[in-house]
Amino acid sequence: MRIGGDLPRWVLILTILHRVSLYSASDVCRLSVLDRYNLYTFSLASPTSKFPHGVLSEDGFYKVAVNKTVLWFQLCDGMIFNHDPPTCADCWDCGGPSRCGMDCSALVANNVKGYHVCTTVGRASSVNINLIDKNIPNKGVTVKMSSNGPDVNCSLSVSVICESNGVQGPYSLEQSGTCDYATEMKHPSGCAEIVSVHGRGLGWFSTFFIILFCFLGVYLLVGTVYRFFFLGVRGVDIIPNLGFWTSLPQKTQSSCASLVRKFRGPSQGHRDSYSAVNF
């Protein structure tokens, strides 16, 4: 009697722990990419005004049926079936016959000799998210989930294309290899939040002067070492071309003054220094 009385409580605790572990997996549906001067941030599971669950299906799952293959999946979380659950054989690694599809994030059913045989192709704990096109960051992201089984390793790649007007798809289903599937859909959650990053770094002019000063420092260091060790010069004269460096401020001042006189013309003092000569 005691065991039977405690059984529902233990089932409830295990169910809560299972859902908590799945919800923590939604953190992987975040991606931030810095491209030039813009920071692109994708947060697929974040709620919006029109989509309170983000990219997650409000039905608890997405479904794609192509030919004799049926795919169920959920993004950033595990699947929940309140209606139309999968009815297929060999569903032990995703909930079993009574809860088929409830313990994974992607399940595919193939028709084998007239029977639907299920295979787990993705779990919320094994999710990677990347850009669809690195040259166009705002195009959207690809969410790839995987499942490692005893006989075969499977995966599902879902391309979430940026579409601000609403949700479209998923419609297509492609298979590559033995157990790798791909589909795509359009969703506003596939659009990135773009933030302009300030502090764009050094321009070409500043970079040029940094390189110039680096060469100057190397020149002075090598010249000083050469004059000290090979020529035996000591004191201030160890600096190479000391006369040039000491006269550089005066030469710079004279050059600036000459340029100013060139653009401003002769001053009034220069004009008054000449007087008319009467013959």
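User: Leaving aside neighbours within four places in sequence, which residues is Ser 159 in contact with?

Analyst: Contact here means heavy atoms within 4.5 Å. For Ser 159 the partners, leaving aside neighbours within four places in sequence, are Ile 132, Val 141, Thr 142, Thr 183, Glu 184 and Met 185. A word on the source: this is a predicted model, where local features need pLDDT of at least 70, side-chain atom pairs count only at pLDDT 80 or more, and totals for chains, interfaces and linings use all residues. Residues are numbered from 1 along each chain as its sequence is written, and side-chain values use heavy atoms, with hydrogens and water left out.

User: What joins the side chains of Ser 159 and Thr 142?

Analyst: A polar contact of 3.5 Å. The term covers a pair of N or O atoms within 3.5 Å; within protein, one must be able to donate a hydrogen and the other to accept it, and residues adjacent in sequence count only if both atoms are side-chain atoms.

User: Is Ser 159 buried or exposed?

Analyst: The cut-offs are under 20% relative accessible area for buried, over 50% for exposed, and partly exposed in between, using a 1.4 Å probe and protein chains only. Ser 159 has 17% relative accessibility, so it counts as buried. Across the chain, buried residues make up 31% of the 279 residues.

User: Where does Ser 159 sit, and how do I read that strand?

Analyst: Ser 159 is in strand β9. Helices (H or I, at least four residues) and strands (E, at least two) are DSSP runs, numbered from the N terminus. Strands of a sheet pair through backbone hydrogen bonds, either parallel or antiparallel. To count as a pair, two strands need at least two bridges found by DSSP. Strand β9 (residues 153-162) pairs with β8 (residues 140-148) in the antiparallel sense, over nine bridges. Along that pairing, Val 141 stands opposite Val 160 in β9.

User: In what order do the strands of that sheet come?

Analyst: The open sheet has five strands, in the order β7-β8-β9-β11-β10, with mixed pairing. Its edge strands are β7 (127-131) and β10 (174-176), each pairing on one side only.

User: Which strands make up the three-stranded sheet?

Analyst: That open sheet runs β1-β2-β12, and its pairing is antiparallel. β1 and β12 (193-196) stand at the edges with a single partner strand each, so one side of each has no neighbour in the sheet. Between β1 (residues 30-35) and β2 there are six bridges, while β2 and β12 share four.

User: Which residues make polar side-chain contacts with Ser 43?

Analyst: Ser 43 is found in β2 (residues 38-43). The side chain of Ser 43 has a polar contact of 3.1 Å with that of Arg 30, and another, of 2.2 Å, with that of Ser 46. Arg 30 also stands opposite Ser 43 in the strand pairing. Not counting residues up to four places away in sequence, Ser 43 touches Cys 29 and Arg 30.

User: How many helices and strands does the chain have?

Analyst: There are four helices and 12 strands. As for contacts with a separation of 6 or more, residues 24 or more positions apart account for 50% of them.
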